[in-house]
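Here's a walk through one protein model, written for someone new to reading structures. Keep the picture open while you read, and find each residue as it comes up.

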Amino acid sequence: MEQAQVYGFSMIHMDKIVEVMRREKALLVDLRSEESYRGGHMNQARNFPYSNIGQWSRELPDKVSLILYCEHGNLSLMAARKLKGRKGAVYTVIGGYQAYRKWNGGQQKGLT
């Protein structure tokens, strides 16, 4: 399934993450709390909590593409709307971390 372009960002399924990361050298961003991140996260993800979006969004280079995820996908949609206007593309993972857990059978395996 192709990515859906909505409101200036794209929504992608789990099976497209690696492709986008490789093609665009995109940064995989976990928007959950540090505690949730430590409890399990997608491999290669960096933790930039949504609660600090005002700070980290200014610190990241504007041209870097971002793949955002949260627990279920709702918070990443809100973050993507706030990040609208970046030069780098913004993607959200449909279903968030829960989709990742379901996709890999609850294991902490890599995306590649």
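Predicted model: local features only at pLDDT ≥ 70, side-chain atom pairs only at ≥ 80, totals over all residues.

## Salt bridges

The count comes to 6 salt bridges here, where a salt bridge is a side-chain nitrogen of Lys or Arg within 4 Å of a carboxyl oxygen of Asp or Glu. Residues are numbered from 1 along each chain as its sequence is written, and side-chain values use heavy atoms, with hydrogens and water left out.

Lys-16 pairs with Glu-19, with 3.7 Å between the closest N and O atoms, while Arg-23 pairs with Glu-24 at 3.2 Å. How open are these side chains? Glu-19 is partly exposed at 40% relative accessible area, Arg-23 is partly exposed at 48%, and Glu-24 is partly exposed at 23%. (Buried means under 20% relative accessible area, exposed over 50%, and partly exposed in between, using a 1.4 Å probe and protein chains only.)

## A bridge between two loops

Now look at Arg-32 and Glu-71, whose side chains meet in a salt bridge of 3.1 Å, N to O. Arg-32 sits in the loop between strand S3 (27-30) and helix H2 (34-38), and Glu-71 in the loop between strand S5 (66-69) and helix H4 (74-82), so this pair ties together parts that are 39 residues apart in sequence. (Helices, H or I with at least four residues, and strands, E with at least two, are DSSP runs numbered from the N terminus.)

## Strand S3 and its neighbours

S3 has side chains going both ways: Leu-27 and Val-29 point one way, Leu-28 and Asp-30 the other, and all are buried. Two strands pair if DSSP finds at least two bridges between them. S3 pairs with S5 in the parallel sense over 4 bridges, and S3 also runs parallel to strand S4 (residues 46-47), joined by 2 bridges.

Searching the whole structure turns up 4 aromatic pairs. Rings of Phe, Tyr and Trp (its six-membered ring) pair if their centres lie within 6.5 Å; planes under 30 degrees apart count as stacked, over 60 as edge-to-face and the rest as tilted. Tyr-97 and Tyr-100 make a tilted pair, 5.6 Å centre to centre with 35 degrees between the planes. Both are in helix H5 (residues 96-103), 3 residues apart, or about one turn of the helix. Tyr-69, Tyr-97, Tyr-100 and Trp-103 form one aromatic cluster.

Arg-32 turns up again here: Arg-32 lies over the face of Tyr-97, at 4.2 Å from the ring centre. (A charge sits over a ring if NZ of Lys or CZ of Arg is within 6 Å of the ring centre and within 35 degrees of the ring normal.) Tyr-97 is buried at 6% relative accessible area, and Tyr-100 is buried at 0%.
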